[in-house]
Amino acid sequence: MQVTSRHFKKGAHEALHDENIQSAFSRVKSGFPLARARAAGELPEFEGLRDEARDLKNHILQNLDYYLEYFEDQVLLQGGRVHWCSSYTEARDVVLAICKEANAKTVTKGKSMITEEMALNDHLEKNGIEPIETDLGEYIIQLAHEYPSHIIAPALHKTKEQVTELFHENHGKYGLTERITDPQALVNEARQVLRDKYVAADVGITGANFLIAETGSTVIVTNEGNGDLTQSLPKTHIAVSSIEKVVPTLEDASLFLRLLARSATGQEMSVYTTFSTGPRRMEDIDGPANFHVVLVDSGRSDLLGTDKQDLLRCLKCGACMNHCPVYQAVGGHTYGWVYPGPIGAALNPHMIGLEEARDLPNASTFCGRCEEVCPVRIPLPKIMRHWREQAFETQVTPKPERWGIGIWAFFAKRPTLYRLMTRISARSLKGMAGKKGVIRKLPLLTGWSSVRDFPAPEGRTFMEQWKKQSQEGK
Amino acid sequence: MPSRDKIFARIRHNLGRGPLDEAAAGALKARIEGHAPHTIPTRTDISRDKQIDLFQEKAEALAATVARVPSLAEVPEAVRDYLAAHNLPTRIKMSPDTALDGLPFDKTPMLEVSRGAASPEDEVSLTPAFTGIAETGTLCMASGPETPSTLNFLPENHVVVIRKSQITGTLEDSWAQLRAKFGAGNLPRTVNFISGPSRTGDIEQTLIMGAHGPRRLHILIVDDEK
């Protein structure tokens, strides 16, 4: 996919003036967070489970090599195959080779973020294989030639009317020519079209929410059932997963399952949680005859041992974006790569380069809600701060900003001088404000004051008041 | 260097160590084989009867429907009544599971029952469950020659027969039963946990039932604990 993160500011500006984006993303505010709060409230153990989940992920990351090898052994033992891929290029080629081996013309796909990262669909299309996304949201954006704006609700930015038009343009070839507008009817039509695709597909590709070392299973979590039809009807099932998804045991997966759906949508369990182990057994009368697991690193292992390792704990639930005031205002596509919201702001600079994604860690007020709701307690604001520091140190930050920060740092390192300067500023700002108590236009910061008034300081600084109060207290 | 080696070399280098020594690896192996549970919610620490009630209450909250049936012999009539009440087709595809062998469908001649894996034209499926989980109203289905998993997804209407004794408290109870049946470290090809009928929120976050999997999920709880 085309990476557009460097145009964050322009994109944000446009998104703020786009009525569709504003109405779609303002719905996020009232929906997911309330549902999550209710689900968390109904489970007294919830906060404790989050601590356990954080610690378990840390344990796994410290022993990642061991658990991956154990997982591989079990997949092989169950008759599956494992493919290790260091890069996206390699992973795309491996998947393509398996599809060719299966003489595939069409492949159905369950929802998978790693295949978005890999831009797998483009690669398959270029090589004459038709990929069909089966998650309804993914299907909609595939028809629109777009990419997800939310990790669990990929077509969040699309209005009902836009879906109507997309289906009308694309479903005529199946004899479905009526223009339908009712959401239930739209779902029914997609169901009808995709049903034949599941049956006709030669290969089914899914992602994996977890890999179980103990049993060599891959796990998917869905609400629609599309992932299950994708992986049970074609002859070949390919599960594509990044390497950090491995968990040791079924009991360990249970811990994460109790947090995942509650954090994502406020459900106690998603409708379908499916564990797939090896190909169909000798006596089985359905299921895929071939089972492949494609394990992708592509930058994950480079996070180990760094100040950003905590990112590898991510369960991809989307809670951070659901609760982010910046995401709610600018929408998903503005972030310019696969992961939007706080997780994107913290992860994308690593995946696509800090120079490209420089604005993302700045797209935060550091209100801290993302960290408050993250089921595995990833310190997202802290990681964004690390990126800001790194951008400054490596001179990725533009010069005027660097100078501004440099001047501030000069004073901040000299407390007496700093206090003197703040005393002068506080008094002059108070003077500027006059009796109104607000400043209409701030010199050098007109961008900020163009849309709001600046409340004037009281006249004395915090330090002055503190000193006075301490003296009076004695 | 093959990618596998590259990935392992990078992981170990960045963790600042080589492969784990024998003692450390042994401890991790023991951890897997011991598969100790984490904190388990206490909501199912209640009497058997209350667990069954909780299972039903949770399943209904997920938009499944539930009926209690006094014995297996009465399952065909319960199925017939359900299909009639919702004006659904009377042709049924049933799992070839021995647990359902004795069902007296001669009592319901209007039901046309065949057995096997699902085909696209099947509109109603009738399957057993492996276990039920009271904690969340979830069904656990284990695939096998007698229990093809396509029956759980392809038909629009899914009717599940579960005996009271199969309903337990938590997810962990199902792991214990799967290990007992299939052996430690083994699972059948597909284990499905099903919590209500299929749904989507992908069009303007409006909840719509029946996205790809079954539109309706009906659970018959058969009383075998009298």
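Colleague: Which residue stands opposite Ile133(B) in S8(B)?

Modeller: Thr168(B) in S8(B) stands opposite Ile133(B). Strands (E, at least two residues) and helices (H or I, at least four) are DSSP runs, numbered from the N terminus. Two strands count as paired if DSSP finds at least two bridges between them. Here strand S5 (residues 131–133) of chain B pairs with S8(B) in the parallel sense, over 2 bridges.

Colleague: What conventions apply to the model and its numbering?

Modeller: The model is predicted: local features need pLDDT of at least 70 and side-chain atom pairs count only at pLDDT 80 or more, whereas totals for chains, interfaces and linings use all residues. Residues are numbered from 1 along each chain as its sequence is written, chains are lettered from A and ligands numbered from 1 in the order in which they are written, and side-chain values use heavy atoms, with hydrogens and water left out.

Colleague: What is the strand order of the open sheet of 8 strands?

Modeller: The order is S8(A)-S5(A)-S6(A)-S9(A)-S9(B)-S6(B)-S5(B)-S8(B), with mixed pairing. Strand S8 (246–247) of chain A and strand S8 (167–168) of chain B stand at the edges, each with a single partner strand, so one side of each has no neighbour in the sheet. Strand S9 (residues 272–277) of chain A and strand S9 (residues 190–194) of chain B are paired in the antiparallel sense over 5 bridges. Within S9(B), Phe193(B) is the bridge partner of Thr273(A).

Colleague: How is the extent of an interface expressed?

Modeller: Interface size is often given as the accessible area lost when the parts come together. Buried area is that loss, taken with a 1.4 Å probe and summed over both parts. Between chain A and chain B about 7600 Å² is buried, 54% of it from carbon and sulfur atoms. Arg191(A), Glu251(A) and Arg258(A) supply 10% of the area that chain A buries against chain B, more than any other three residues. By contact (heavy atoms within 4.5 Å), chain A contributes 104 residues and chain B 78 residues.

Colleague: How many salt bridges are counted between chain A and chain B?

Modeller: Side chains of opposite charge can pair when their charged atoms come close. The rule requires a side-chain nitrogen of Lys or Arg within 4 Å of a carboxyl oxygen of Asp or Glu. Between chain A and chain B the count is 14. Arg179(B) and Glu214(A) form a salt bridge, with the closest N and O atoms 2.9 Å apart. Helix H11 (residues 183–200) of chain A gives the most to the side of chain A that touches chain B, namely 10 residues.

Colleague: How many salt bridges are found over all chains?

Modeller: The count is 48. Glu101(A) forms a salt bridge with Arg81(A), the closest N and O atoms being 3.7 Å apart. Glu101(A) lies in helix H6 (residues 88–101) of chain A and Arg81(A) in strand S1 (residues 81–85) of chain A, so the pair ties together parts 20 residues apart in sequence.

Notes
Buried area = accessible area lost by both parts, 1.4 Å probe.
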